[in-house]
Amino acid sequence: MKNRYHEHKIFYFLIITIVIIQFAGFLIQLFTNHNIARNTLKDELTLGSKIFDQILTKQDAQLHQVTEVLAKDYGFREAIATSDKITLESTLDNLGNRANASLLLLLDTTNNILANVSKDNLSKSDITNLVASQNESKAWLQIINHKLFHVVNTPVKAPTTIANLIIGYELDNIFVHEIRNQIDMDFFFISEFHNEWDTYSSSLANSETTLFINLYREQLKLKNTDIFIVETNKYLMYPVDIKTPYNNSHLIKVVLAKELDVAMQPYKKSENMIIYLLLATVSFTGLAIYLINKKLVKPLNELAHIDKLTGLGNRALLEIDFKEAIYYFKKSDVSFVLLVMDLNGFKAINDKYGHNVGDYVLKEVSKRLKEITRTNDSLARLGGDEFVAILHNCSEVDAANVINKIKASIEKPINHNKDNLIIKMSIGMAVAPDDGDCLEQLLKVADSRMYLNKSTITKNQNTNIKI
């Protein structure tokens, strides 16, 4: 492990931490924006349902006004009294054209049909439902021939009730788009009967209505009693029940829908701004950390882990590298070798030439050690002329070859001011984990073997100086 690794680790750790914090803040802001937009949409949909109800109520009143004018007409009442079917049908037909109504049905007090000018053919079941409904409600929605109608009932009095006039208009796509412009949201009608769903006029594509029904059906299976707000890929949808008095098992709903993108539009600019600020913050923070790392961390790191004279690691870095070697050994069973090296004759050079020359020799020795060992090996100077190397992923045989290369390299003359300085090196080897699994134990074994090797060198050969 190299000492710069710690600088990079600090740099990457700080950058990643800043990015994570900034990104987490952005996600929180994004989530908050989406949550606010959804809540805003829910409020708008709830308000839209009330406005929609008011529009239907207003149209109820308008239809009642039209029919009440006719119901008070003397000629119309006289036609009812005389059962003048031709006059009744002609009158109702004119009323339908003026009111743009396609359903017109006149019933006597016993619910017999006096006149029927409906543009849609009414089946017996349709008429039965209309008769049953008009006894219960003045206005309602009813399905006729797979079409949805808004129907109102107005009694004709003279002065007591002599007939009931039922008039209705189809809630078709024209109606849907007109109301959509008023409430500023999309909507469509659906009905459910015996778990079968039908769709009617809609301002949305069929794919969106089908998707809603599928999602809504899943929510119904969960038996959720809360207000259903169904979110599709593009819309937030809110279904509202519309009561149908003639058959409680036949449900009709109006589903109001609002685009999510529309609700998110006010937040898009702020989100884009946040992204730009995020990128700028990360960039400036990265630059600041890099400068701090270079100007402050790097010098402190070198002071803590690097021998100032030779540029090799010191005891602190050696301990870190040893822990790394032990970690990889336990992880992958890869052995390593520790070498303890000591210079023979270094004291004599110091005494004769001075400490400046001695420092030069130590630098040259360090340079040669770097050239012999691999980049992934660890070199350290423990002090004086004592060096230590950790040869990673190395066997005892390979270590012996490295030792021979080191000795051959160190024994080459060191040129200094036209002087050839001759120096030798004693080396002791310890193999992990055979000789130990802790740094102190391996140093002790290698140190003892080094001194055993040193003792074989003749004292008069410790220093050989040629000029």
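**Close-ups of the cores and the sheet**

**View 1. Who Phe187 touches.** Setting aside neighbours within four places in sequence, Phe187 is in contact with Phe52, Phe175, Val176, Ile179, Arg180, Ser202, Ser203, Val254, Val255 and Leu256. Keep in mind that this is a predicted model.

**View 2. The largest nonpolar core, and a second one.** Zoom out from Phe187 and you're in the largest nonpolar core, which has 51 residues. Phe187 is among those with the most contacts inside this core, along with Leu92, Leu106, Phe175 and Phe189.

**View 3. The five-stranded sheet.** Read across this open sheet and the order is β2-β1-β5-β4-β3, with antiparallel pairing. At the edges sit β2 (113–116) and β3 (139–144), each pairing on one side only. From one strand to the next, the twist averages 25°.

**View 4. Where β3 meets β4.** Strand β4 covers residues 147–157, and it pairs with β3 over six bridges in the antiparallel sense. For a landmark, look for Gln142, which stands opposite Phe149 in β4.

**View 5. Two helices lying across the strands.** Helix α2 (residues 74–81) lies across β1 (103–108), β2, β4 and β5 (161–170), and runs at about 90° to β4. Helix α3 (residues 85–99) lies across β1, β2 and β5, and its angle to β2 is about 45°.

Methods
Residues numbered from 1 in each chain as written. Predicted model: local features only at pLDDT ≥ 70, side-chain atom pairs only at ≥ 80, totals over all residues. Heavy atoms only, no water. Core = buried A, V, L, I, M, F, W, Y, C linked by side-chain atoms within 4.5 Å. Buried < 20%, exposed > 50% of the residue type's maximum accessible area, 1.4 Å probe, protein only. Contact = heavy atoms within 4.5 Å. Pairing = 2+ DSSP bridges. Helix = DSSP H or I, 4+ residues; strand = E, 2+ residues; numbered from the N terminus. Axes fitted to C-alpha atoms, helices over the stretch in contact; angles between N-to-C directions.
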